[in-house]
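Look over the sequence and the model first, then read on.

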Amino acid sequence: MQIVRSPGQAALAARVVRPAREELLRLARAHRDTVDADLRSDLAAGRPVPNAPEPSERTYPHGFCFAICVRVFERLSKEPLVQGFVAAGVIWKTVYFIQEGRCFQNAIQCGDDLLDVAYDTSDPAFEPVVCTPLEEADWKNLRDYRQTATVAEKYYKARLFPNRFFPLLFPVAPFLRLGEGGDIAIFWHEHLLFFQDINEGWPRVGALLDDAPWMEQPLPAPHAARMRELQRAVGSGAPPPIELRECSPDELRATLASWEALHDLPTDRLRRTITNLDFCLRSTARWLLQ
């Protein structure tokens, strides 16, 4: 889901995509209108909306960029215009990036253009659908967790701390988020960095573990006390879906070795394992909020 540029895509954009940009925008806006209606209907009826933020966190369409982008992408991909792009060799894929240094965004890379079908999900005053040449757009691929944390703290109006309480989740969710209202949650949104880390030997999460001042910063005293209270109470009441245990950075680093076993799993079992991890992560996040 990273943005990728090349001279070949720039040439295809000039020859194939940009002459048809107005038609692409017309189709994208029509599908966005339909997706808006469908999602508003689902939300009003209380039906589950995959890829949506937690119900208490956002009012539609704020924060719904992933849910919107996935659905518009699926519908646009069936259009003959887009199928012609793909047949000509144009990159057509969903991407996830830092937008304008201020937020995270899901959009569509179409050759050397960025088709953002959820541009208004960070600010309702913006146009819902825009298409911008990549050389003119203000974007950055996600590189590491410290870059992610800097943007996340501004965008979510929150403070991030090292996740030293859920060791099995640390490689995929290394942050705890302290919100403006004092709520503490697992910050679990940046799976892209986790998958890059698995492939490359953990350089991103390793950089966090090597940053001693950052890793040693404590949660505010009331929150740290509450987490330790929850840890002591694991044997009674409703336990968390995954191990809750305060750990040192060295203990967290030791958990990385077990993740290497993922490389040896057959494809089907790997898929089930990752699906189960995602379920445990979301379930633990909900448990902590409750």
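How are α6 and α7 oriented to each other: roughly parallel or roughly perpendicular? The two helices are roughly perpendicular (65 to 115 degrees; under 35 is roughly parallel, over 145 roughly antiparallel, the rest oblique). This is a predicted model, in which local features need pLDDT of at least 70, side-chain atom pairs count only at pLDDT 80 or more, and totals for chains, interfaces and linings use all residues. Residues are numbered from 1 along each chain as its sequence is written, and side-chain values use heavy atoms, with hydrogens and water left out.

**Helices α6 and α7**

- Helices (H or I, at least four residues) and strands (E, at least two) are DSSP runs, numbered from the N terminus.
- The axes of α6 and α7 cross at roughly 95° and come within 7 Å. Axes are lines fitted to C-alpha atoms, for helices over the stretch in contact, and angles run from 0 to 180 degrees between N-to-C directions.
- On the α6 side, the contact (heavy atoms within 4.5 Å) is made by Leu193, Gln196, Asp197 and Glu200. On the α7 side, Pro203, Arg204 and Val205 take part.
- By class, this contact has three nonpolar, one polar and three charged residues. Ala, Val, Leu, Ile, Met, Phe, Trp, Tyr, Cys and Pro count as nonpolar, Asp, Glu, Lys and Arg as charged, and the others, Gly among them, as polar.

**How α6 sits in the structure**

- Seven of the ten residues of α6 are buried (under 20% relative accessible area, with a 1.4 Å probe and protein chains only), so the helix is largely enclosed by the rest of the structure. Exposed means over 50%, and partly exposed lies in between.
- The buried residues of α6 are His191, Leu192, Leu193, Phe194, Gln196, Asp197 and Ile198.
- Those buried residues pack against β1 (92-99), α5 (145-155), α7 (203-210), α10 (249-259) and α11 (267-289).
- Gln196 lies in α6, which covers residues 191-200. Gln196 is buried, at 11% relative accessible area.
- Beyond its neighbours within four places in sequence, Gln196 is in contact with Gln2, Leu142 and Arg204.

**Salt bridges**

- The whole structure holds 21 salt bridges (a side-chain nitrogen of Lys or Arg within 4 Å of a carboxyl oxygen of Asp or Glu).
- Asp112 pairs with Arg5 in a salt bridge, with the closest N and O atoms 2.8 Å apart. This pair links distant parts of the chain, 107 residues apart. Asp112 is in the loop between β2 (103-110) and β3 (113-116), and Arg5 in the segment before α1 (7-17).
- Asp112 is buried, at 2% relative accessible area, whereas Arg5 is partly exposed, at 41%.
- Arg32 forms a salt bridge with Asp36, and their closest N and O atoms are 2.8 Å apart. Both lie in α2 (residues 21-45), four residues apart, about one turn of the helix.
- Arg32 is buried, with 2% relative accessibility. Asp36 is buried too, at 14%.
- Asp197 and Arg204 form a salt bridge, the closest N and O atoms being 3.2 Å apart. Both residues are buried.
- Salt bridges that share partners join Arg5, Arg18, Arg21, Asp112, Asp113 and Glu135 into one network.

**Nonpolar cores**

- A nonpolar core is a set of buried Ala, Val, Leu, Ile, Met, Phe, Trp, Tyr and Cys residues joined through side-chain atoms within 4.5 Å.
- The largest core has 55 residues, and Phe104, Phe166, Ile186 and Phe194 have the most contacts inside it. Its largest share, seven residues, comes from α11.
- A second, separate core has 31 residues, including Leu27, Ala28, Ala67 and Cys69.

**Backbone features**

- Most residues other than glycine have a negative phi, and most peptide bonds are trans.
- A cis peptide bond joins Tyr60 and Pro61, with omega about 5°. Pro61 lies in the loop between α2 and α3 (65-76).
- Asn51 has a positive phi, near 70°. Asn51 lies in the loop between α2 and α3 and is partly exposed, at 31% relative accessible area.
- Trp202 also has a positive phi, near 65°. Trp202 lies in the loop between α6 and α7 and is buried, at 7% relative accessibility.
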